[in-house]
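Me: Let's go through this model in short questions and answers. Start with the contact between the chains.

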Amino acid sequence: MSARRPRPLVPLVVATYVGLLAPLVVVIAVSFGPSAAFEFPPRGLTLHWFEAFFESQALVTSFFRVSLVVGVLAAVLATLLGTGAALGLVRFRFFGREALEAFFLAPLLVPEILLGAALYLFYARLAIPASVWTLLGGHLVICTPYVIRTVTAGLVGLDPRLEEAAMSLGATRVQAFFKVTLPLLRSSLLSGAIFAFIISFSDINLALFISGPQSTSLPVQIFSQIQWQGDPTIAAASSLQIVIIGVLILVVQRIFRLRLVT
Amino acid sequence: MEDAQRRRTWLALTGPYALFLLFLLLVPFANVAVYSLHPYSPTKVFLPELTFANYLKIFDVYYLRLFGRTLRLGLITMAVCIVLGYPLAYFLARSRPRMQALCLFLLIMPLMVSAVIRVFGWIVILGRKGLVNQALLVFGLDPVRLLYNETAVVIGLVNVFIPFMVLPIMASIERIPPSLEEAAQNLGANWAQMFRRTILPLSVPGLLSGCLLVYSLSISAFVTPALLGNSRDRMVGQQVYDEVLVSFNWPSASSLALTLIALTGVLMFCALLATRRASRREAAS
């Protein structure tokens with residue numbers, strides 16, 4: 001028998017979870033409901049708002065042409081930048097290592113809304129018009145630290161002697177890295193990339209400032225439509241985002257448990 | 001030879017991201033600092049004089065109220081997050097692996113969904129035809145206006161940021177062996193005494209970093225107060241947004257941004273000191 005746990009804890013925990021999940025449940029319910037006025041509980045079941053979503057040029061562009069594209073690019077590039085940075089931090093001994101690590105993780109400490117404002121003013125000063133690329137640049141700043149953290153954790157748990165063994169068997173350093181270390185890092189790389197995608201895909205604070213009129217990201221689109229009293233079409237778009245992110249988090253959890261086993 | 005090659009490899013690995021941060025983090029904030037020291041002009045972007053007026057302006061009643069409101073809402077949010085988050089963290093830390101995996105999923109999933117969607121959910125719940133008002137209607141009561149006030153903002157902020165309170169506390173409780181709890185209880189302590197004497201003091205570092213995260217995130221929030229609050233009682237994040245994108249008073253926005261960053265920085269430093277002292281006391285006893 002484990003510790004005697006106080007009973008009142010369970011109802012409190014359940015209540016907290018109800019509050020935590022309520023907004024997501026409600027958004028999904030509204031996207032299937034017939035009322036145009038954000039009515040909850042809904043009085044029926046319809047796919048009307050999903051049809052409306054796929055017919056809305058603005059939302060489809062934001063979802064597929066901006067948010068999804070920037071998210072995938074941010075995931076790939078952040079994984080490249082972050083893996084390099086993590087390798088440099090873990091596998092090399094040099095003066096000022098801790099300071100460099102703090103610098104590399106600094107974007108996590110900067111309030112995002114202020115980073116967005118700073119990037120906007122910076123781009124404005126250089127007269128760079130807002131586009132998918134300015135958004136991608138900003139997203140790489142906030143996504144890469146997540147990759148660095150997961151890959152660093154993976155590298156620290158890895159025995160460097162494996163690489164040495166490969167080299168003593170005749171592999172070059174580069175071969176040893178690509179044939180031994182990289183495959184063992186696979187799960188950290190994948191979860192880092194997934195986190196980077198999610199951070200980019202759901203970011204609004206940077207996108208408010210640096211995604212231009214031609215490249216409005218999905219969260220910004222939803223934000224402005226809420227302000228202009230939009231209809232449940234945005235709930236349908238939100239439901240799609242919730243499902244995508246839910247599936248990805250499940251994948252990450254699976255990977256992490258697999259890594260604990262092996 | 002070998003050394004030079006190693007240095008080149010190291011540069012090739014860390015260089016790209018370091019350069020990237022230099023150009024898209026340090027230089028932009030240096031640019032903000034430069035803006036904050038220049039006077040505002042409605043016709044020109046830039047005037048060639050230096051001034052501290054943008055910082056002195058923060059002591060005007062309007063800005064003092066703005067900061068006061070922001071810091072107060074941050075404190076309330078943090079307090080509610082402790083009250084709701086601590087029990088949840090304890091429950092998570094002490095539940096079986098399967099249960100813990102499920103509960104963690106349910107905690108992290110909402111965290112990863114865009115804040116704007118979660119706030120949207122609260123608009124639906126608290127709105128005129130929302131869940132609460134529908135329930136009131138069932139009991140024959142008139143609908144009430146629940147949106148666009150400070151309560152709604154705090155509800156939204158707590159909902160968006162509570163995972164940042166739960167996760168660090170959970171991590172620090174997990175490090176406390178359950179046998180310690182059992183030992184205390186076998187020696188005759190009741191649950192409350194045991195909790196007060198063992199779990200609570202040992203989880204202080206987690207609690208502190210949770211508070212710090214939630215506080216610094218809440219005082220720089222934008223989406224939640226913009227959608228759930230009323231447009232007169234704003235928070236600093238909204239003011240920065242308006243001054244950058246609506247009134248184009250970039251020098252003023254810059255001084256606000258740097259003041260907020262300085263405030264967050266001071267808080268971080270205090271929390272770091274407090275954590276150090278707590279762990280030193282722990283080591284001493």
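Me: How much area do chain A and chain B bury between them?
Reply: This is a predicted model. Of the area buried between chain A and chain B, 78% lies on carbon and sulfur atoms. The total is about 7400 Å².

Me: Which three residues supply more of the area that chain A buries against chain B than any other three?
Reply: Together, the three supply 9% of the area that chain A buries against chain B. They are Tyr17(A), Leu20(A) and Leu121(A).

Me: Which helix gives the largest share of the side of chain A that touches chain B?
Reply: The helix covers residues 9–32 of chain A. It brings 15 residues to that side. The name is helix H1.

Me: How do the residues on the side of chain A that touches chain B divide?
Reply: Chain A has 86 residues in contact with 80 residues of chain B. Charged residues number 7 on the chain A side. The other classes there are 14 polar and 65 nonpolar.

Me: How many salt bridges does the rule find across the interface of chain A and chain B?
Reply: Polar contact does occur between chain A and chain B, in 11 residue pairs with both residues at pLDDT 80 or more. For salt bridges, the rule's count across the interface is 0.

Me: Is Ile155(B) buried, partly exposed or exposed?
Reply: Ile155(B) sits in helix H7 of chain B, residues 150–174. Its relative accessibility is 31%. Buried needs under 20% and exposed needs over 50%. Therefore Ile155(B) counts as partly exposed.

Me: What distance separates the C-alpha atoms of Ile155(B) and Thr224(B)?
Reply: Along the chain, Ile155(B) and Thr224(B) are 69 residues apart. Their C-alpha atoms are separated by 9.3 Å.

Conventions:
Residues are numbered from 1 along each chain as its sequence is written. Chains are lettered from A and ligands numbered from 1 in the order in which they are written. This is a predicted model: local features need pLDDT of at least 70, side-chain atom pairs count only at pLDDT 80 or more; totals for chains, interfaces and linings use all residues. Side-chain values use heavy atoms; hydrogens and water are left out. Contact means heavy atoms within 4.5 Å. Buried area is the accessible area (1.4 Å probe) that two parts lose on being put together, summed over both. A salt bridge is a side-chain nitrogen of Lys or Arg within 4 Å of a carboxyl oxygen of Asp or Glu. A polar contact is a pair of N or O atoms within 3.5 Å; within protein, one must be able to donate a hydrogen and the other to accept it, and residues adjacent in sequence count only if both atoms are side-chain atoms. Helices (H or I, at least four residues) and strands (E, at least two) are DSSP runs, numbered from the N terminus. Ala, Val, Leu, Ile, Met, Phe, Trp, Tyr, Cys and Pro count as nonpolar, Asp, Glu, Lys and Arg as charged, and the others, Gly among them, as polar. Buried means under 20% relative accessible area, exposed over 50%, partly exposed in between (1.4 Å probe, protein chains only).
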